[in-house]
Amino acid sequence: MTDTTTIDSDAATPAAPENRPWLDASLPVEERVELLLAEMTVEEKAGLFFQTMIVMGEAGELSEGDSAFGIPANREYVVGRHMNHFNLLGVAPKASDIAAWHNKLQELAASTRLGIPVSISTDPRHSFSDNPGAAMFAGPFSQWPEPLGLAATRDADLVQRFGDIARQEYTAVGIRVALHPQVDLATESRWARQLQTFGEDAALAGELGAAYVRGFQGSAFGPGSVSTMTKHFPGGGPQKDGEDPHFDYGREQVYPGGQFELHLKPFEEIFAAGGRQIMPYYGMPVGTEYEEVGFGFNKGVLTGLLRERFGFDGIVCTDWGLVTDQPIMGTDFAARAWGVEHLTPAERMVKILDAGADQFGGEHDPSLLLSLVRDGRVSEERLDVSARRLLREKFELGLFENPYVDVEAADAIVGSAEFRAAGEAAQRASIAVLSNDGALPLRRGLKLYVEGIAPEAAAHYGEIVETPEEADAAILRLQAPYEQRASMFENFFHAGSLDLPEDVVAHVRAVSSVVPTVVDVFLDRPAILGPIVEAASAVTANWGANADALLEVLTGGSPATGKLPFDVPSSMAAVEASRPDVPFDTADPLFRFGHGLSL
């Protein structure tokens with residue numbers, strides 16, 4: 001793999017190797033790790049253990065923080081708290097803005113006593129989501145289907161190509177850790193997090209997850225790689241009632257079908273592909289052989305399963321916010337300390353370290369860890385175990401040799417015409433035709449009535465009219481349903497009933513009674529589509545596709561090739577009666593996994 005995105009910089013550079021012998025690149029990585037570790041104070045070691053959200057300033061400048069998420073200034077993180085692992089929150093209009101900010105942050109890190117470079121991570125950035133707890137709008141990056149859409153293509157080579165393109169775009173702006181892929185199995189139809197999975201089938205999730213890792217990390221892990229943090233070990237799909245364990249009402253993972261082992265299968269493929277990092281889920285297993293505490297606290301899972309059974313010696317970073325209560329978007333949220341709510345923050349931290357984790361995701365107060373070391377509750381030798389893993393990753397990524405990126409090149413690489421074209425081709429390939437009474441493909445030049453599509457986009461395919469009565473065909477784009485919850489943050493996680501609202505169904509019926517109607521549904525969860533299928537002339541599903549991609553498929557300009565990555569259930573009663581840990585368990589589904597018509 002060739003790295004084309006990092007360059008020498010005129011910015012601050014580390015001291016010569018004779019003053020900092022760990023900078024001697026001719027030495028083995030393990031020796032360099034020990035040389036640096038020997039120089040570190042307890043405070044500097046503690047800073048390694050915290051990976052949390054960070055924000056950019058405007059136009060590539062350093063930031064003074066973000067009150068909405070309780071985020072301190074960049075300088076306070078790096079200089080005041082000795083931290084150097086950060087999850088970049090938010091988007092920027094230009095890739096060069098991210099690159100410029102990244103270089104300034106690395107300059108700040110280089111000015112510290114040991115000059116340890118910063119590692120920047122991110123949630124997915126290439127799709128159509130806007131959820132600060134899971135994924136973000138693509139912004140300047142090329143835009144691709146969500147992972148469920150990648151699964152709908154059934155194309156491992158395409159998924160690896162996506163990973164390779166994302167790797168090039170990430171490294172162009174300085175992002176070196178992907179907080180993905182997500183290889184949980186979407187075995188609970190209501191679950192709020194399945195959009196970022198590869199669906200319901202364990203074999204497919206493993207195959208595509210491994211291809212994703214190979215694309216991001218490259219043929220050999222090194223200076224051109226993006227390290228992947230696969231989540232959520234040991235599988236986060238079997239949520240009671242489909243609720244998400246970001247919230248206390250979703251903390252239980254249940255296995256009434258006895259399928260705990262099945263949810264491990266995709267991770268075996270990740271390990272075989274060389275996945276570097278793992279994130280355990282928030283959820284707590286109920287009714288299994290394991291302690292009923294969140295997986296980030298669970299020694300039987302992290303040490304017994306992950307470290308010992310699977311032999312994983314990479315980095316384990318907890319999901320965000322297991323230790324301290326924190327406000328998010330104006331609402332106070334308790335720490336996701338499921339099963340250990342009675343423990344103090346300090347006691348939770350001890351339990352996480354004892355379980356076998358290396359980093360506290362979403363936490364940003366090293367003083368708590370330092371107090372545990374001073375009190376003798378955590379040994380410095382225990383710090384060293386994780387510090388070695390964390391430092392090794394920075395060395396192997398080449399960050400000590402060259403942490404900077406080429407700001408001018410960033411805009412040419414990120415979102416290039418080639419990369420955008422590849423993303424749009426993937427969007428077209430992912431669209432699944434679920435039903436068709438002969439209305440598809442639509443002939444170009446028809447009079448079209450559209451909803452959910454910009455008229456100027458649809459105008460390339462037909463004459464746009466104002467009412468269904470004037471049209472030869474109607475195209476309506478819908479969102480799978482979800483229930484409104486109490487806070488802004490909760491509503492980024494689509495949960496609850498899968499029944500479409502009656503007014504939506506009535507509207508589809510009304511339009512369909514006037515003109516042949518095509519309904520396209522953003523199927524981030526498998527909605528109850530029966531009433532729509534009965535009313536519409538054709539129904540399609542997408543998992544992130546722009547208007548042109550959809551219209552190319554609907555008009556026959558591109559073949560319809562997408563296949564369902566999960567079963568689509570026939571009723572909410574069937575969903576409620578199914579077992580959350582068992583795939584393909586809803587009775588008499590409307591459409592089966594793998595369904596998809598050609599045109």
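**Buried elements and sheet order in a predicted model**

User: Is alanine 166 buried or exposed?

Analyst: The relative accessible area of alanine 166 is 0%. Buried means under 20% relative accessible area, exposed over 50% and partly exposed in between, using a 1.4 Å probe and protein chains only. The model is a predicted one, in which local features need pLDDT of at least 70 and side-chain atom pairs count only at pLDDT 80 or more, whereas totals for chains, interfaces and linings use all residues. Alanine 166 is therefore classed as buried.

User: Which residues are in contact with alanine 166, its neighbours within four places in sequence left aside?

Analyst: Residues are numbered from 1 along each chain as its sequence is written, and side-chain values use heavy atoms, with hydrogens and water left out. Alanine 166 belongs to helix 6; helices (H or I, at least four residues) and strands (E, at least two) are DSSP runs numbered from the N terminus. Contact means heavy atoms within 4.5 Å. With neighbours within four places in sequence set aside, the contacts of alanine 166 are His126 and Phe216.

User: How many nonpolar residues does the contact of helix 6 with helix 7 have?

Analyst: On helix 6, the residues that meet helix 7 include Val159, Phe162, Ala166 and Tyr170, and those on helix 7 include Leu208, Ala211, Tyr212 and Phe216. Ala, Val, Leu, Ile, Met, Phe, Trp, Tyr, Cys and Pro count as nonpolar, Asp, Glu, Lys and Arg as charged, and the others, Gly among them, as polar. By these classes the contact holds 3 polar and 4 charged residues, and its nonpolar residues number 9.

User: What is the angle at which helix 6 and helix 7 pack?

Analyst: Axes are lines fitted to C-alpha atoms, for helices over the stretch in contact, and angles run from 0 to 180 degrees between N-to-C directions. The axes of helix 6 (residues 156–173) and helix 7 (residues 202–217) are 7 Å apart. The angle between helix 6 and helix 7 is about 30 degrees.

User: In what order do the strands of the open sheet of 8 strands stand?

Analyst: Two strands pair if DSSP finds at least two bridges between them. The edge strands, each pairing on one side only, are strand 9 (315–316) and strand 12. Strand 1 and strand 12 pair in the parallel sense over 2 bridges, and phenylalanine 50 stands opposite phenylalanine 360 of strand 12. The pairing in this sheet is parallel, and the order is 9-7-5-4-3-2-1-12.

User: Which elements do the buried residues of helix 10 pack against?

Analyst: Helix 10 spans residues 345–355, and its buried residues are Ala346, Arg348, Met349, Ile352, Leu353 and Ala355. Just after helix 10, glycine 356 has a positive phi of about 120 degrees. The packing partners of the buried residues of helix 10 are strand 1 (50–54), helix 9 (299–309), strand 12 (360–361), helix 11 (366–374) and helix 12 (380–396).

User: Which glycine follows helix 9 with a positive phi?

Analyst: In helix 9, Val301, Leu302, Thr303, Leu305, Leu306 and Arg307 are buried. These residues pack against strand 5, helix 8, strand 7, strand 9, helix 10 and helix 12. The residue that follows helix 9, with a phi near 65 degrees, is glycine 311.

User: Which strands stand at the edges of the open sheet of 6 strands?

Analyst: The sheet has mixed pairing and the order 13-18-17-16-14-15. Each edge strand has a single partner strand, so one side of each lacks a neighbour in the sheet; the edge strands are strand 13 (432–436) and strand 15 (462–464).

User: How many residues of strand 17 are buried?

Analyst: Strand 17 (residues 517–522) is largely enclosed by the rest of the structure. Thr517, Val519 and Val521 are buried on one side, and Val518, Asp520 and Phe522 on the other. The number of buried residues in strand 17 is 6 of the 6.

User: Over how many bridges do strand 17 and strand 18 pair?

Analyst: On one side, strand 16 (residues 473–479) pairs with strand 17 in the parallel sense over 6 bridges, with isoleucine 475 opposite valine 518. Valine 518 also stands opposite alanine 538 in strand 18. Strand 17 and strand 18 (residues 538–542) are likewise parallel, and their bridges number 5.

User: Which helix lies between strand 16 and strand 17 in a right-handed β-α-β unit?

Analyst: A crossover is right-handed if, with the strands pointing away from the viewer, the path from the first strand over the helix to the second runs clockwise. The helix in question also lies across strand 14 (446–451), strand 16 and strand 17, running at about 170 degrees to strand 16. The helix of this unit, residues 502–512, is helix 16.
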